[in-house]
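Student: Can we go through this model together? I would like to start with the fold and then move on to contacts and charges.

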Amino acid sequence: MKYLVVWFLGAVLGAVAAAAALYYNPLTSGAGRGRASDADTLAYRFPEPSVVALSHAEQLGLPSIPDDVPLLWESGIAGTMLGVVNLGADAGAARAIASRISVPSMRTNLLLEGVLVDDYWLVTMPGQGSLFVETEGNYWPLLKDTIIPVGFLKRPWAGTAEYRPTRGPGPGRSGELVGATGRFAGRTGGASESLVLERYSAEGGFESLRGELSIALDPLPVDEAAAAE
Amino acid sequence: MKRLFVFGLVVGFAGTLAGAYLFPWVSYTRYPSETSVVANGGRAEQFVIRLPADRIESHVATDLAGGTMLGAAPLEGATPPSAEPAPAQVDHYKLRDRAGNVVGIAARHAVTQDPGATAWLLAVPSRGALMLAGTGQSAAAIEAMLVERGWTRGETWTGELVVPGPGAAGSVAATREFAGLEVELAELWTITGVEADGELRGTIELNTVGRRGT
């Protein structure tokens, strides 16, 4: 019995040490891809004035917008989130309407990858066309630095924090412009998202957040560029 | 005794790390794909949207400032930007398979002109995402057909109106299980009623045929 207790104590201590190592794991805590210098940036503010609708399964204390929007509770879509957002050069000057479907990734693991979410964006600029953008983001840094300590452990918030979750699936750990229509038809490119969390509290959750979706088109082939001119 | 403690420590440490690596942190209910093989090759699959139950959000985006985007020069063959862009009808639905299980979420962006350019984003968490573009049925066209069938704005209407889409949409991108497939999507609206507030009752069938790309 004594041997079993000693072994068990060792195992518990080992598990606690491993949990601490996972929590501060540098493999899952790094910032993702930043905005490319030649990217066009479409900004939004959460929750107001940019978010037209937000539907989910009541996770992480996020609000439902509007209040009576149907929840995504069915088991086939559990954990997914739908956001409908006006995107602009800055808050209030919307240039595009975007539907964003966020799907927690089955590649999520806390040892090597982090908490991964696949984001599918359909961005439409009336009169110009639509852009299909795919990004894979690691939201473990946001969970670790803000949501767990402030939201769950009720610690005071340290202040404005910036996150760059995008880490794929395109080359150079960038998101991808995977398809386009209208004037953008045939174009490809990279994409990334950055978030500046300006206010967060245990009671109110995400009270003020500024997000940016940056899209950088690949250069035109030389003959196509000449034709475009 | 000390060795036993260290052994327990190592087992606890390694076991927790292995668990963090191997545990399926995210999983979705995977329903069998309701597909059939079509005669000339390819795989047919029908998705269904039941109205009004599956509507998540709809609105007409009228307050966009417009302006140029990305400084993009259109490629040869691309549609040039229109001088007076029409507002966009933006709809979001829960997406069902033919058996009626909710398997995904659909976003539809359509210009309000008739017939209008339409873009679909179909996300099925357990399988991947499909992004399609083409010509879809506009709300104005459906409304005009309902008026022809005796519907008056502000009043309820019951009947059956079947409205096929004016053209098919083709896939412009696909991920995971759908990757490598060239998919065509045809809309079929079956409207069985209209509420006093204009809400439609009925179904939208999304009939897809996917072929392995060359």
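Tutor: Chain B has two helices and 11 strands, where helices (H or I, at least four residues) and strands (E, at least two) are DSSP runs numbered from the N terminus. This is a predicted model, in which local features need pLDDT of at least 70, side-chain atom pairs count only at pLDDT 80 or more, and totals for chains, interfaces and linings use all residues. Residues are numbered from 1 along each chain as its sequence is written, chains are lettered from A and ligands numbered from 1 in the order in which they are written, and side-chain values use heavy atoms, with hydrogens and water left out.

Student: What pattern does chain B follow along the sequence?

Tutor: Chain B reads α-β-β-β-β-β-β-β-α-β-β-β-β.

Student: And how many helices and strands does chain A have?

Tutor: Chain A has four helices and 11 strands. Its C-alpha atoms fill a box of roughly 85 × 40 × 35 Å along the principal axes.

Student: What percentage of residues is buried in chain A, and what in chain B?

Tutor: In chain A, 55% of the 229 residues count as buried. In chain B, the share is 43% of 214 residues. Buried means under 20% relative accessible area, exposed over 50%, and partly exposed in between (1.4 Å probe, protein chains only).

Student: What share of the contacts in chain A joins residues at least 24 apart?

Tutor: It is 58% in chain A, among contacts between residues at least 6 apart in sequence. With a separation of 6 or more in chain B, residues 24 or more positions apart account for 62%. Contact means heavy atoms within 4.5 Å.

Student: How many salt bridges cross it?

Tutor: The rule finds one salt bridge across the interface. Glu74(A) and Lys94(B) form a salt bridge there, at 3.0 Å from N to O. A salt bridge is a side-chain nitrogen of Lys or Arg within 4 Å of a carboxyl oxygen of Asp or Glu.

Student: How many over all chains?

Tutor: A search of the whole structure finds 21. One of them is Glu193(A) with Arg100(A), whose closest N and O atoms are 2.6 Å apart. That pair links distant parts of the chain, 93 residues apart: Glu193(A) is in strand 10 (residues 189–201) and Arg100(A) in strand 4 (residues 94–104) of chain A.

Student: Are those two buried or exposed?

Tutor: Glu193(A) counts as buried because its relative accessible area is 1%. Arg100(A) is buried too, at 13%.

Student: Which residue does Arg96(B) pair with?

Tutor: Arg96(B) forms a salt bridge with Asp54(B), at 2.8 Å between the closest N and O atoms. Arg96(B) lies in strand 4 (residues 88–97) of chain B and Asp54(B) in the loop between strand 2 (43–51) and strand 3 (55–61), so the pair ties together parts 42 residues apart in sequence. Arg96(B) is buried at 14%, and Asp54(B) is buried at 1%.

Student: And Glu199(B)? Which partner does that side chain meet?

Tutor: The side chain of Glu199(B) meets Arg55(B) in a salt bridge (3.0 Å, N to O). Glu199(B) is partly exposed, with a relative accessible area of 22%, whereas Arg55(B) is buried at 18%.

Student: Which residues make up the salt-bridge network?

Tutor: Arg107(A), Glu113(A), Glu136(A) and Arg167(A) are linked in a network of salt bridges.

Student: Last one: where is Thr28(A)?

Tutor: Thr28(A) is in helix 2 (residues 26–29) of chain A. Thr28(A) counts as buried because its relative accessibility is 1%. Not counting residues up to four places away in sequence, Thr28(A) touches several residues, including Leu22(A), Glu113(A) and Trp140(A).
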